[in-house]
Structure formats: C-alpha cells, structure tokens
Amino acid sequence: TAEDPAEVRAYPYPVSIEIIGQAPSFILTNDPVKQLTINLRAPKSVWTNLLTDRASVRAVVDLSDLSAGPHNVPVQVQIVQRPVEIVSYSPSSIDVSMEPLQNRTIPISLVVRGDPDVGYKVEDPVLSKSEVAISGSETLVKRVQKVQAVLEISQAQEDIERTLSLQALDTNDIPVTGLTINPDRVQVTQKITQRGGYRNVVVKVATNGNVANGYRLTNISAYPPTV
C-alpha cells in the first residue's frame with residue numbers, strides 16, 4: 001500500500017453512455033443524456049493504465065424487454081482494469097421514451113410557384129419518383145399529411161431540370177421533423193415552351209444629339225434586355 005497507494009480521483013475523460021438492446025421495432029423519441037462523470041479509487045499504477053486505455057471504462061444502458069412509453073433506466077459502469085472501486089458516478093440513470101417504429105408510403109405533392117415569362121406556357125412537370133417512404137415514431141408518422149416539393153418557375157423562358165428537397169408537412173402545412181424520408185430529394189423536369197403569336201426581340205436604344213463637350217458616351221443598357 002505504501003509503494004502503490006490507492007488514490008480517489010475524478011476520471012478526467014467524459015464517458016459516453018452506450019445504448020444496447022433496443023428492439024428494431026421501437027425508436028427513441030427523446031434525447032437522453034449521452035455522457036457521465038465518474039469518480040474512482042485505484043492504486044497509482046492502475047490509474048496509469050486507466051488513463052492510457054480509455055476503452056477500459058464503459059457506461060451502458062440496456063433497453064432489452066422495454067415496452068413503449070417513458071422509462072427510467074439505470075446506467076451500468078463497466079471497468080476492465082483491476083483493482084478499481086467505483087466511488088460515484090452521475091447520472092446513475094437516464095430517462096428514455098420509446099414509441100413503435102412506423103413506416104408509410106406517401107405520394108409526392110409538387111407545388112409550382114410563379115408564372116413563366118410573358119409569351120411562354122408550362123406543360124405538366126415530370127418527377128423522377130411519384131412516392132416516397134417515411135419512417136419514424138408512430139406519433140410523428142401519423143401527423144404527416146403530405147410530402148411536398150416546391151418548384152419556382154417565375155419568369156422562366158426555358159426548360160427547367162432541378163433536384164428538389166422533400167419536406168413532410170402536417171394538416172396545417174407545418175413541417176414534421178424527426179422523420180426519415182427515403183429518398184429525401186426528387187428530380188423534376190418542367191417543360192416550358194413559347195406560345196404561338198409571340199416572339200422575343202432585343203431592345204435597342206436609339207440616341208439623338210451629342211453629349212456635352214468634355215464628355216463621352218460609354219454605355220447604354222436597357223432593362224429588360226428583351227421584350
């Protein structure tokens with residue numbers, strides 16, 4: 001004991017809390033504590049090993065056989081090095097909330113905003129996929145009313161090919177977050193053609209007279225450049 005005295009210290013590294021035993025048919029709906037602090041008593045020589053081999057200290061939470069709902073689950077600390085005494089650790093337990101995992105297939109709703117330029121018309125857009133799969137907790141999946149993509153075509157004069165992000169919305173068009181959308185993007189092709197009886201012409205500015213002595217005309221621009 002005199003040559004290798006035991007020392008009580010706070011383990012200087014944060015210990016990640018590992019979650020094991022979670023059934024694939026359930027999903028965590030809260031954000032439990034992810035790290036704990038721990039105080040240990042061990043001989044000085046063992047402390048050297050503890051600080052060198054950080055993988056020898058683990059914290060585990062076992063969710064095996066837990067049903068849906070809120071639970072307070074104890075944290076189990078596992079230490080490979082010996083001899084070591086666990087003096088204290090915090091938190092000693094964590095709160096978890098579990099819900100059944102649900103999957104749904106939903107058609108993609110495309111919203112086209114704006115109008116093409118004067119003299120142009122749009123045809124029906126073409127989507128690379130017509131539906132997507134969403135997954136998440138039962139409560140969130142039930143809230144989803146539609147999966148939407150938004151295409152902006154204001155003042156467009158030519159075909160549009162664009163990759164759009166998808167968003168899950170509820171009945172009030174409020175985004176529902178915390179879900180997995182697969183795929184989370186869609187490729188959209190929007191054909192835009194010119195109407196009969198229309199033609200684009202370039203605006204040319206005609207000038208009269210001369211500028212004052214000591215000045216020169218450097219540039220004339222028109223907006224819009226075509227009509």
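Trainee: Which residue stands opposite leucine 127 in E17?

Mentor: In this predicted model, strand E11 covers 126-127 and is one of the edge strands, pairing on one side only. The antiparallel pairing of E11 with strand E17, residues 185-190, runs over two bridges, and the residue of E17 that stands opposite leucine 127 is valine 188.

Trainee: What is the order of the strands in the open sheet of three strands?

Mentor: The edge strands are E11 and E14, the latter spanning 160-165, and each pairs on one side only. With antiparallel pairing throughout this open sheet, the order is E11-E17-E14.

Trainee: In E7, which residue is the bridge partner of alanine 59?

Mentor: Strand E5, residues 57-62, and E7 pair in the antiparallel sense over four bridges. On E7, Gln76 and Gln78 make up the uncovered face, whereas the covered face holds Ile79 and Val77; the bridge partner of alanine 59 is valine 77.

Trainee: How many residues apart are arginine 58 and glutamate 18?

Mentor: The side chains of these two residues, arginine 58 and glutamate 18, meet in a salt bridge at 2.9 Å, N to O. Arginine 58 is partly exposed at 32% relative accessible area, and glutamate 18 is partly exposed at 31%. Because arginine 58 is partly exposed, its value falls between the cut-offs of 20% and 50%. The salt bridge between arginine 58 and glutamate 18 links strand E5 with strand E2, the two residues being 40 residues apart.

Notes
Residues numbered from 1 in each chain as written. Predicted model: local features only at pLDDT ≥ 70, side-chain atom pairs only at ≥ 80, totals over all residues. Heavy atoms only, no water. Pairing = 2+ DSSP bridges. Buried < 20%, exposed > 50% of the residue type's maximum accessible area, 1.4 Å probe, protein only. Salt bridge = Lys/Arg side-chain N within 4 Å of Asp/Glu carboxyl O.
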